[in-house]
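Dear colleague,

Please find below the structure that I am handing over to you. I would be grateful if you could read the notes that follow alongside it.

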Amino acid sequence: MSGYLDWIPPKIASKLFRCLRNTPHVRKRLDEKYDKILGELRTKTRPYKNSHTTYSSIPEIGRDRNDILKEMEQIGAAETSQWKDGFVSGAVYHGDDEHIEFLNKVYAVHSQSNPLHPDVWPSSTKYEAEIVAMTAEMLGAKGTSKDTGADEEICGVVSSGGTESILLAMKAYRDRARAARGIRKPEMIVPSTAHAAFDKAAQYFNIKIIRVPVDHRFRADVDETRRAITKNTIVIVGSAPSFPHGIIDPIEQLSELARQRSIGFHTDACLGGFVLPWARKLGYDIPPFDFALPGVTSISADTHKYGYAPKGTSVVLYRGSDLRRYQYFKVADWPGGLYFSPTLAGSRPGALSAACWASMVAVGQHGYMQAVQRIIQTASAIKKEIERMPDLHVLGEPLWVIAFGSETLDVYRVMDCMTAKHWSLNGLHKPACLHLCVTLRHTQPGAPERFIHDLKEAVEYVKANPQTEGGMAPVYGMAATLPVRSVIEDLLERYIDLLYEV
Ligand SMILES: *Cc1c(COP(=O)(O)O)cnc(C)c1O
């Protein structure tokens, strides 16, 4: 089904397809195609189907707690070695036993706490305020002057993850623009490589997203950004670095562009917030990306990535409390009482904020710096080896997220081959490539060598067997050649459905 609509302009093809999709013939062909792809994935997403009881209703009499725990420990253990031994890109950023056990203890101490009730758990308030303060200081808050008289102090909140931090910031810009400038049709300008969370924000909050291309080094194009500015632009975005290729956008120029026009500028440092400041201190050449730049008005930084906190926390920071207030939710006439919440959720897991705080305090500046040193050294060794492989090339000049593609091979077949060797890499497209996001897991002795060894074998295998069937390669192949996004979006919807089948 690839390629036969290539000659039609994408917009028209898309419309045409939406009509065609509902004709019985096309519907049937598509459903067959989806079933074939999803059938394979269905088994993969349900490895416990035969070995463990499946519950589709609450058991009438509760099971013995020890018995449950034993079963869950078994399941957990089966899933540990892949990430623990460093076969997974990103995902688990620290993962040492000692650190995990410490975080688990902290969780147990505060498992009942909920920041929604600051009167009952003032500890949550303390932890979150200090997480924000420590992150702000790390990202250049110190030295941003109060002497201008302007509301310039860096402030923020703790959210549930990078996506929520980004959603909140975009909502704040939208609401401020509506209140202060009467903008009813807000637009945001976002590099093509910035995270999908910006599309999510655009969809959820009715903001038009304008994606600008990146240059040959995978950095946001400043001139294209300038040209995309309109009177409705509420925010410009840059990544430090981007998720796909680990490349830092020209934040200085982009944020200056925004500042000169009194537009907000968001640095997405979800991935780099807890890496770049330490890399700079170690002497790596890190371009400015944080609040040291006067045009940067907000930053997202994920504590649950390189902050080494357990999953479920991130920080979003603002220049000035005025901007932060546009993020808040409050309602004065609800019969349930005077209600407010700083973020998207109502009740929140205070234990995760406690564990995040504990992680930051336990690791300390020296710990973060040492970790970054190990990660960047490991990544640069891997990068060098990939660059020496004639069939592969590294995209741009990344520090620790190594994206690579191929001119000679189907790189998704290489990915499938790596999957068969127990690896979990990220498949990316536009252009076709894969990446390994290096974490502390990959700094274990022997881990980088094993990656390169397996990658070389995978490349040799694909060269020898270019016709292998199955895996993700055909899905990415389809995504690349179809002019109609909706087929892939259909497929993704069906995949999500599948995740909730019992
Ligand atoms: C991970 C990431 C996000 C989204 O974070 P989640 O915690 O997965 O919601 C956003 N931007 C970048 C650059 C990221 O790496």
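The notes below cover the model, its domains, the ligand site, a pocket and some backbone details.

This is a predicted model, in which local features need pLDDT of at least 70 and side-chain atom pairs count only at pLDDT 80 or more, while totals for chains, interfaces and linings use all residues. Residues are numbered from 1 along each chain as its sequence is written, and side-chain values use heavy atoms, with hydrogens and water left out.

Domains. The chain is divided into domain 1, made up of 2-45 + 480-499, and domain 2, which covers 122-359; such bounds come from an automatic or database domain assignment. Taken over C-alpha atoms, the centres of domain 1 and domain 2 are 35 Å apart.

Ligand site. The ligand is surrounded by 13 residues, of which G162, T163, D268, H304 and K305 are the closest (a residue counts as near if one of its heavy atoms lies within 4 Å). By class, this shell divides into five nonpolar, five polar and three charged residues. Here Ala, Val, Leu, Ile, Met, Phe, Trp, Tyr, Cys and Pro count as nonpolar, Asp, Glu, Lys and Arg as charged, and the others, Gly among them, as polar. Helix α6 (residues 162-181) provides the largest share of the shell, three residues; helices (H or I, at least four residues) and strands (E, at least two) are DSSP runs, numbered from the N terminus.

Polar contacts are pairs of N or O atoms within 3.5 Å. A backbone N or O atom of G162 lies 2.9 Å from an oxygen atom of the ligand, and an N or O atom in the side chain of K305 is likewise 2.9 Å from a ligand oxygen atom. For D302, a polar side-chain atom lies 3.4 Å from an oxygen atom of the ligand. Of the 380 Å² of accessible area that the ligand has on its own, the protein covers 86% (Shrake-Rupley method, 1.4 Å probe).

Second largest pocket. This pocket has a volume of about 620 Å³, the space filled by probe spheres set on grid points joined across faces, edges and corners. On a 1 Å grid over the protein atoms alone, a pocket is an open set of points where a 1.4 Å probe fits, with protein on both sides within 12 Å along at least five of seven lines; lining residues have an atom within 4 Å of a point. There are 22 lining residues, and W83, V92, I100, N104 and P310 are the closest to the pocket centre. The lining comprises eleven nonpolar, six polar and five charged residues. Both α3 (65-84) and α4 (97-109) supply at least two residues, and α4 gives the most, with seven.

Backbone. The peptide bond from A240 to P241 is cis, with omega near -10 degrees; P241 is in the loop between β4 (233-239) and α9 (251-260). The bond from K430 to P431 is also cis, with omega near 0 degrees.

Yours sincerely

Notes. A polar contact is a pair of N or O atoms within 3.5 Å; within protein, one must be able to donate a hydrogen and the other to accept it, and residues adjacent in sequence count only if both atoms are side-chain atoms.
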